[in-house]
Protein chains: 2
Amino acid sequence: MPKLGMEPIRREALVKATIFEIGQTGSLDVTVSQIAKRAGMSSALAHHYFGSKEEMFLAAMRHVMTIYGAEVRGALCLAQSPLERIEAILAASFSAANFRREAVGAWLNFWVLAQSVPEAKRLLAVYQRRLRSNLLVGLRPLAGEEAEAIATGLGALIDGLYLREVLKSGPPDSGAAVSVARAYLAAQLREKV
Amino acid sequence: MPKLGMEPIRREALVKATIFEIGQTGSLDVTVSQIAKRAGMSSALAHHYFGSKEEMFLAAMRHVMTIYGAEVRGALCLAQSPLERIEAILAASFSAANFRREAVGAWLNFWVLAQSVPEAKRLLAVYQRRLRSNLLVGLRPLAGEEAEAIATGLGALIDGLYLREVLKSGPPDSGAAVSVARAYLAAQLREKV
DNA sequence: TTTTTTGTTGATTGACGCGTCAATAAACTT
DNA sequence: AAGTTTATTGACGCGTCAATCAACAAAAAA
């Protein structure tokens, strides 16, 4: 009994199922049938809405990055000072949400995907530019001309800390990651004076 | 025309071919036939020497990490001072060898593999402990008790910088990566005084 | 010399996956 | 009422792939 206007619903369900299955498997080795089943439809329908599996992956990637972007924006709008802005970004980057199996699987696999799929690389570049720009808004009042260099380091440090927390055995410790990032920042800023 | 003592030769050829193909494809989506062909033998022989594809991946991973370990050791034995030790590690981490397609593909995909294959996770943990320990030898004379914390940050920063250099479009700039790491170090050490 | 061990492969198996297509049916349009 | 668009799926073609096996070749051991 086909109801009209299913497209957005189906697409969203497929995107979420894609992310879930990637997280579950830990790799991009998921079948369209798996995804479709999880989303409650036939694989043919999945192909109807997204032309190919790759399109599903890219849509999932956009979704993950959109969510992360929204989290950061949400945290930023409460920030009152430059330092609070940076703290907000750190908190969002190491939030529990980002350490869920699905998010972890998504990020790690998107890094891999970026190697062979230009569009995936483009999306990652967008994410990095946004993060950098957000950091700079907070850093410029604190560090002036050195803000650029500090932002470069801090951005990389965030990714590296994330990677470490995610790959170590045992539950990730976001507090520790934030502390290290804070220490980096403190050292770089103190140098200013 | 079977010659004796082929096992080590075949295994090495397969390991190198595995790394090459992963780098070429940019993913773990390589077939045993591809690998075997590249290594100049039939896929059946590949299965004969390694029981399964996963074993090939793990052997390849060990190989990549062994190479990297050797590079670091080689650079370290020339180091005369604590600071030179750290510089040596940085140079090795961002060496041209590590930015080859094959090395990049290997590292990124091993991070993904670690999600689902415990042995892969274990190997990565070994690598991280070794890096940390190497850093500490250099850091302790310079930073005393704070060495541990600095090593944690520096280790993560190295991974993060590597990731950034690798994922950006255009050729990687190892000089830039080393500069950022050096700046981090300088800031953390100056704080001491 | 016979036997065993080691090296090697073509062919095969059994399974699985992506993407397509024809067919069905409900909802809108005219 | 007839036609069009949207939603939906079962079946399937065509290809792929990991792993196995039987069989053959050459060196080593007995």
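Trainee: Which residue has a polar backbone atom 3.5 Å from a phosphate oxygen of DNA strand C?

Mentor: This is a predicted model, where local features need pLDDT of at least 70, side-chain atom pairs count only at pLDDT 80 or more, and totals for chains, interfaces and linings use all residues. Residues are numbered from 1 along each chain as its sequence is written, chains are lettered from A and ligands numbered from 1 in the order in which they are written, and side-chain values use heavy atoms, with hydrogens and water left out. A backbone N or O atom of Met6(B) lies 3.2 Å from a phosphate oxygen of DNA strand C. At 3.5 Å, the residue is Glu7(B).

Trainee: Which residue places a polar side-chain atom 2.9 Å from a phosphate oxygen of DNA strand C?

Mentor: Near the strand (a heavy atom within 4 Å of it) there are 22 residues, and the closest include Thr31(A), His47(A) and Arg10(B). Sugar and phosphate make up 76% of the atoms of DNA strand C that come within 4 Å of the protein. The side chain in question belongs to Lys53(A).

Trainee: Which helix gives the most to the surface near DNA strand C?

Mentor: Helix H3 (43–49) of chain A, and helices H1 (7–25) and H3 (43–49) of chain B, each supply at least two residues. Helices here are DSSP runs of H or I, at least four residues, numbered from the N terminus. With 4 residues, the one that gives the most is H3(B).

Note on methods
A polar contact is a pair of N or O atoms within 3.5 Å; within protein, one must be able to donate a hydrogen and the other to accept it, and residues adjacent in sequence count only if both atoms are side-chain atoms.
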